[in-house]
Amino acid sequence: MSNSSFELRNTRLEDIDPIIDLCAAVYPGMYSWGPNQLTSHLEVFPEGQFVVVQKVPSPASGLVTDRVIGMASSLIVDYSNHDLRSKWKDITEWGYLGNHAPERGRTLYGVEIMVHPEFQGKGVGKLLYQRRELLARERRMLNIRAGARISGYHRYAQKMSAREYVVAVIRGEFSDPTLSFQLKRGFRVIGLTPYYFHDPESLNHAAVIEWLNPEVATEADHASGDLEFLDAAKAAALPLRPRSPE
Ligand SMILES: CC(C)(COP(=O)(O)OP(=O)(O)OC[C@H]1O[C@@H](n2cnc3c(N)ncnc32)[C@H](O)[C@@H]1OP(=O)(O)O)[C@@H](O)C(=O)NCCC(=O)NCCS
């Protein structure tokens, strides 16, 4: 999958150091992926790991090298071992994905998605999400879920609770740098986890977001989730049903 300047492909071992550099640019001073975690992703579920690269020609050698400008990591989760309040460290086994459950799991779980700040807003995140959605359809997963950062919340935390903030973002009253992107990608909010991971911008919260596979999900799946968030989506006339890929 590619557009004129970017190419999306599965992650390779040689992308690990560039992904660590990418992480430093995206989350300066916040956290970093380690080489052992990223190696484990490729051992456990190579099919679920993607990068977007920019092709950079070297004038001297004529060789073209890949610059990693975005990445997305996923695993398959068996939710009988987890719930909507699960923390990142538990649902990803500390980022090593040791709980990957390809036999029993029905959920493709988003572990990470990040785009280099220089390339944000240019459709790279959208490419990564479209590829993740294609994988979920190919494997006939029930859904894609993730803990979405609410990275704008720290600006409002004096005035409102995280729950009120998420409702306001769903209603379109505020734009959140991360959650608004996810809602635009056809996700709905089905829960809120207060201690998801260490994230000063989100004050450690994550909105639990879900995309339901229209070929698999039942009416009951569509109806399940935190009613306050589902009602807010209805009120905002956002589609409660997943949208088709664009
Ligand atoms: C969130 C992130 C992955 C989005 O990637 P991106 O490449 O910048 O997003 P895109 O350019 O593909 O945008 C896709 C769509 O979302 C919209 N969008 C992106 N950011 C948005 C925002 N802050 N508010 C509203 N809409 C937004 C775009 O307008 C675009 O809409 P369109 O489909 O109508 O054209 C990226 O900003 C990022 O890496 N952020 C920091 C890391 C992070 O927080 N990751 C999420 C972990 S949960």
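I take contact to mean heavy atoms within 4.5 Å, and I take helices (H or I, at least four residues) from DSSP runs, numbered from the N terminus. The model I am reading is predicted, so I note that local features need pLDDT of at least 70 and side-chain atom pairs count only at pLDDT 80 or more, while totals for chains, interfaces and linings use all residues. Residues are numbered from 1 along each chain as its sequence is written, and side-chain values use heavy atoms, with hydrogens and water left out.

**Entry 1: H5 and H8**

I looked up which residues of H5 meet H8, and found Arg163, Val166, Val167 and Ile170 in H5 against Glu228, Phe229, Ala232 and Ala233 in H8. The residues of this contact divide into six nonpolar, no polar and two charged (Ala, Val, Leu, Ile, Met, Phe, Trp, Tyr, Cys and Pro count as nonpolar, Asp, Glu, Lys and Arg as charged, and the others, Gly among them, as polar). Helix H5 (residues 162-170) packs against helix H8 (residues 227-235) at an angle of about 25 degrees, and their axes are 8 Å apart; axes are lines fitted to C-alpha atoms, for helices over the stretch in contact, and angles run from 0 to 180 degrees between N-to-C directions. H5 and H8 are therefore roughly parallel to each other (angles under 35 degrees count as roughly parallel, over 145 as roughly antiparallel, 65 to 115 as roughly perpendicular and the rest as oblique).

**Entry 2: H1 and H2**

For helix H1 (residues 16-26) and helix H2 (residues 35-44), I noted that the axes come within 10 Å and cross at roughly 125 degrees, and H1 and H2 are therefore oblique to each other. Ile16, Ile19 and Ile20 of H1 make the contact with Pro35, Leu38, Thr39 and Leu42 of H2; by class, six residues are nonpolar, one is polar and none is charged.

**Entry 3: the ligand**

A backbone N or O atom of Lys126 lies 2.8 Å from an oxygen atom of the ligand. I also found a polar side-chain atom of Lys184 at 3.4 Å from a ligand oxygen atom.

Technical notes. Helices (H or I, at least four residues) and strands (E, at least two) are DSSP runs, numbered from the N terminus. A polar contact is a pair of N or O atoms within 3.5 Å; within protein, one must be able to donate a hydrogen and the other to accept it, and residues adjacent in sequence count only if both atoms are side-chain atoms.
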